[in-house]
Amino acid sequence: MRVARALSAALLTLGLAAAPAAPAAADASPSPSPGDASAPAQAGTSFRTATEIEQGQRATASGSTGDYLYWSFPADTGQRPTVEATVKLPETHAPQTWQIDVYDGLRRRQACQYGAQTRTAAAGTSSVELACVLRTVRAWSEPWANDPLPGTYYVRLTATGVTTADLGLPVGSEVRVGSRDIGGSAAVDGSLAEPLVPGVASKPEEEQKDAAVLAGLEPEDGWASGWWSDRWVWTAIGGILAALAGAGGYALTRGTGRPSRVPPGA
């Protein structure tokens, strides 16, 4: 019985230690206040001129109906990025359809897992809100697959099907990028040699430190190496629990030895 009680206490302690933290309230990270002086106030007009923003930043830009507005942000292994956009429309306009698209470092369009990626604003509507939650970024993928991989991601905001009368009307836009850390449940074996960042392969490896990289932003803690995830922790805990269960089962089933009423050699 003492062995059973000790085994139960050990299992309970390990279970409490391994219990996951409470899930985040939302996929997106908190954004700074609108008055943040470091927040970008313009957008690029192509992939090469995309304005870089950090995750958690709120970027704004002014433009015209019919323009293509571009931003870029870094996303690393295990993150599930969320892109949100708000477009402030002029007082008078015809129905307009706005769309937000996200591309990876290879400029492959990434499908939204969920969210209102495209919305139509009725005539006279003051604003329209869009959202795109991407799939979880993987450390490695088959060359033929279209899985999200670590590196630079591009956001493109534009209006489609605009009437000729509305072309060129001034609009204001606001973009927010955040992500949720999914962890080991999305871990895969293997990793990329380098994240998909523009310019990272522009020079030989020995000259990379001095190479001009077109995208200067990276995650706060640097790019993940791809080999570590909390899956290792759960594997270790599973091994310990299995060992304890085996030892406890053996102790409970081995018995007390030879009964006193049975003579030796019987």
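Predicted model: local features only at pLDDT ≥ 70, side-chain atom pairs only at ≥ 80, totals over all residues.
1. Residues are numbered from 1 along each chain as its sequence is written, and side-chain values use heavy atoms, with hydrogens and water left out.

2. Start with the overall layout: the protein has two helices and 11 strands. These are DSSP runs numbered from the N terminus (helices: H or I, at least four residues; strands: E, at least two). Along the sequence, the pattern reads α-β-β-β-β-β-β-β-β-β-β-β-α.

3. Next, look at contacts, meaning heavy atoms within 4.5 Å. Among those between residues at least 6 apart in sequence, 73% join residues at least 24 apart.

4. How many aromatic pairs does the structure hold? There are four. Rings of Phe, Tyr and Trp (its six-membered ring) pair if their centres lie within 6.5 Å; planes under 30 degrees apart count as stacked, over 60 as edge-to-face and the rest as tilted. The F47 and Y103 ring centres are 5.2 Å apart with planes at 90°, so this pair is edge-to-face. Because F47 sits in the loop between helix 1 (2-18) and strand 1 (51-52) and Y103 in strand 5 (residues 96-103), the pair ties together parts 56 residues apart in sequence.

5. Are F47 and Y103 buried or exposed? Buried means under 20% relative accessible area, exposed over 50%, and partly exposed in between (1.4 Å probe, protein chains only). F47 is buried at 18% relative accessibility, and Y103 is buried at 10%.
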